[in-house]
Amino acid sequence: TLSEPLFVSTLRVFAVILVFDTIARLVVGTFRALEYPRLQVFSQNFLMPTLRVIFVVAALVLGAELFGVVAGILVASFITFLVTIILFVHSLKIKLTIERDPTELISLYRFSVPSFAKDAGGILFNKMDVVVVGLLLTQNAVGIYNAALVLAAIISLPLTALNQLFP
């Protein structure tokens with residue numbers, strides 16, 4: 001599995017696809033929030049699937065194997081990303097201006113830096129057990145521990161729900 005160079009390369013391409021798709025879906029969610037249903041439907045239900053089908057079929061017709069098909073999905077995701085960003089900028093007519101009022105920036109930093117530190121610390125606190133298991137044991141043990149952690153959280157959901165009903 002991980003010893004196969006093709007598998008590792010394919011996973012790396014999927015990681016790039018994930019970034020483009022996530023940003024495109026965030027923009028589509030913004031279209032929905034701002035009540036632009038035409039842009040939402042065009043981007044999510046037409047553009048994304050159509051481009052994927054076109055590029056995957058083109059890769060298969062050209063005789064590509066797994067990596068070529070994944071590269072086709074990458075190209076489709078990148079074009080979808082670009083088109084949704086262009087639609088976003090054109091539909092909102094965004095003009096970026098930076099105010100140079102230092103008192104406003106200082107108050108913004110005074111508010112946001114502690115909030116950022118609190119959230120970052122919370123994430124580290126919640127995942128520190130996985131980090132320690134990773135430092136002390138093998139990768140397989142980390143995977144098993146992570147799966148067990150997710151299962152424990154799922155199993156505890158009904159108990160939490162009952163505790164809310166009967167405090």
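Trainee: Which residues is Ser 77 in contact with, leaving aside its neighbours within four places in sequence?
Mentor: Ser 77 is in contact with Ile 17, Phe 20, Asp 21 and Arg 52, where contact means heavy atoms within 4.5 Å. Keep in mind that this is a predicted model, in which local features need pLDDT of at least 70, side-chain atom pairs count only at pLDDT 80 or more, and totals for chains, interfaces and linings use all residues. Residues are numbered from 1 along each chain as its sequence is written, and side-chain values use heavy atoms, with hydrogens and water left out.

Trainee: Thanks! Is Ser 77 buried or exposed?
Mentor: Ser 77 counts as buried because its relative accessibility is 2%. Buried means under 20% relative accessible area, exposed means over 50%, and partly exposed is in between (1.4 Å probe, protein chains only).

Trainee: And what joins the side chains of Ser 77 and Asp 21?
Mentor: A polar contact of 3.0 Å. That term is for a pair of N or O atoms within 3.5 Å; within protein, one must be able to donate a hydrogen and the other to accept it, and residues adjacent in sequence count only if both atoms are side-chain atoms.

Trainee: Where does Asp 21 lie?
Mentor: In helix α1, while Ser 77 has its place in helix α3. Helices are DSSP runs (H or I, at least four residues), numbered from the N terminus. Asp 21 is buried too, with a relative accessible area of 10%.

Trainee: New topic: at what angle do α1 and α2 pack?
Mentor: Helix α1 (residues 5–33) and helix α2 (residues 37–61) pack at about 155 degrees, with axes 8 Å apart. Axes are lines fitted to C-alpha atoms, for helices over the stretch in contact, and angles run from 0 to 180 degrees between N-to-C directions. So α1 is roughly antiparallel to α2, a label for angles over 145 degrees.

Trainee: How many residues apart are Phe 78 and Phe 81 in helix α3?
Mentor: Three, so about one helical turn separates Phe 78 and Phe 81 in helix α3 (residues 66–92). Phe 78 is partly exposed at 35% relative accessibility, whereas Phe 81 is buried at 16%. Phe 20, Phe 78 and Phe 81 form one aromatic cluster.

Note on methods:
Helix = DSSP H or I, 4+ residues; strand = E, 2+ residues; numbered from the N terminus. Parallel < 35°, antiparallel > 145°, perpendicular 65-115°, else oblique. Phe/Tyr/Trp six-rings, centres within 6.5 Å; stacked < 30°, edge-to-face > 60°.
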